[in-house]
Amino acid sequence: MFWKYILKRVFYGILIYIVLVFIFSVLFNSVMEQTLRAQIEEEIRAEMMGLDSRGTQQIQSFIENRRLEKYSQYRLDKPIFERIIWRTWSTLTLNLGKSTAIRSAAGDRDVWAIVSEKIPRTLLLFSTAMLVDIVIGVWLGLKKAQKAGGVLDKSTSVGTMVVFGMPSWWLGMLLIMFFAYTIRIFPSGGLHSTPPPEGIAYFFDLIYHLALPVLTLVVLGFWGRAFLTRNIVLGILQEDYIMAARARGIPERKILYGHTMRTAAPPIVTMSLLALLASVSGNIVFEGIFSWPGMGNLFWFALQQNDVPVLMGNLAVTTGLYIGGLVILDLIYGLLDPRIKVGGKA
């Protein structure tokens, strides 16, 4: 039964995510608690600034009492295993705490507010590029397979070898130099102009700033996708049922886009979604070059500022999105591929 398969995949996905968050909590525990203790001392000092002049004994007693209260609030007075479990549960319930240095656009120090502000920007950039990449790559791969060994196939295969190995940051810098500083068609980076426009102009300004990084990702990606699609489709075109369809006089276009694509869909979808999921966390160097305020840039800033709560929140959220995407991919694959007896016995 398909619903049993769904429940099993979702259960495994949740279990794997819990285990990974627990591992993150163990690895980050020492640094997180050092940061938390420093934050507590800073809060106590800030509270002392508002006190009237008191004796040394009273001040010392106040500091100790407040420290004990804060340690109890954040469970720093509990055994280490209990502290790790509590931190794991807090992360799983998206109670990610407060950042130590980074703030959201609204000035909020809540880690979830900071991370949730960056996720849509990364998804917008990489999902847009992936969509264009898939359309061009699959179309070109089908054309290459249709006339394997032809001029188009040979020329684009050479292009694949040249372009596919290029680092994204290197090509990005070249395109910025050409399009932003030589012919000055696109901006060099950022999400919006300064100051950002209002109304419908805000949307067009976003598209304008999105164009160059998307162009860079598409130029790098569609060659390899076309080459892999070509190899997948080429093998399918040699199958007996394709030969039989041709013998019955079915038009080549219908064979290519109907029979062949139906069989080739699972590996192509898998290849595309895995590439998209791999980019969910953002590309640190790529987003840095284009000054794109996404998850990659956030991770880099958090490393520079030693903002451990933001690093932990970034990892937890991107890991959850990645595992969730894998579960969805598994379910889509089960629907697309009729050869898989989903939930049944082999």
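Arg87 sits in helix H3, spanning residues 80-92; helices here are DSSP runs of H or I with at least four residues, numbered from the N terminus. With a relative accessibility of 7%, Arg87 counts as buried, a term for under 20% relative accessible area, where over 50% is exposed and anything in between partly exposed (1.4 Å probe, protein chains only). Leaving aside residues up to four places away in sequence, Arg87 touches Ser25, Asn29, Met32, Glu33 and Leu36, a contact being heavy atoms within 4.5 Å.

The model is a predicted one, in which local features need pLDDT of at least 70 and side-chain atom pairs count only at pLDDT 80 or more, while totals for chains, interfaces and linings use all residues. Residues are numbered from 1 along each chain as its sequence is written, and side-chain values use heavy atoms, without hydrogens and water. The average pLDDT (the predictor's confidence in each residue, from 0 to 100) is 83 for the chain, and 94% of the residues score at least 70. Residues 342-346 fall below 50, and this stretch has six contacts in the model beyond near neighbours in sequence.

Turning to helix packing, H7 (residues 200-236) meets H9 (residues 252-278) at an angle of about 140°, and their axes are 10 Å apart. H7 is therefore oblique to H9. On the H7 side, the contact involves Arg225, Leu228, Thr229, Ile232, Val233 and Ile236, and H9 contributes residues including Leu256, Thr260, Pro267 and Met271. By type, the residues of this contact comprise 10 nonpolar, four polar and one charged; Ala, Val, Leu, Ile, Met, Phe, Trp, Tyr, Cys and Pro count as nonpolar, Asp, Glu, Lys and Arg as charged, and the others, Gly among them, as polar.

Some backbone details also deserve a look. Most residues other than glycine have a negative phi, and most peptide bonds are trans. Thr194 and Pro195, however, are joined by a cis peptide bond with omega of about -5°, and Pro195 is found in the loop between helix H6 (168-182) and H7. Ser291, in the loop between helix H10 (284-289) and H11, has a positive phi of about 50° and is partly exposed at 44% relative accessibility.

Ser291 is also among the residues touched by Asn297, along with Glu287, Gly288 and Trp292. Asn297 belongs to helix H11 and, at 9% relative accessibility, is buried. Just after H11, Asn306 takes a positive phi of about 55°; Asn306 is partly exposed, with a relative accessible area of 49%.

Key: Axes fitted to C-alpha atoms, helices over the stretch in contact; angles between N-to-C directions. Helix = DSSP H or I, 4+ residues; strand = E, 2+ residues; numbered from the N terminus. Parallel < 35°, antiparallel > 145°, perpendicular 65-115°, else oblique.
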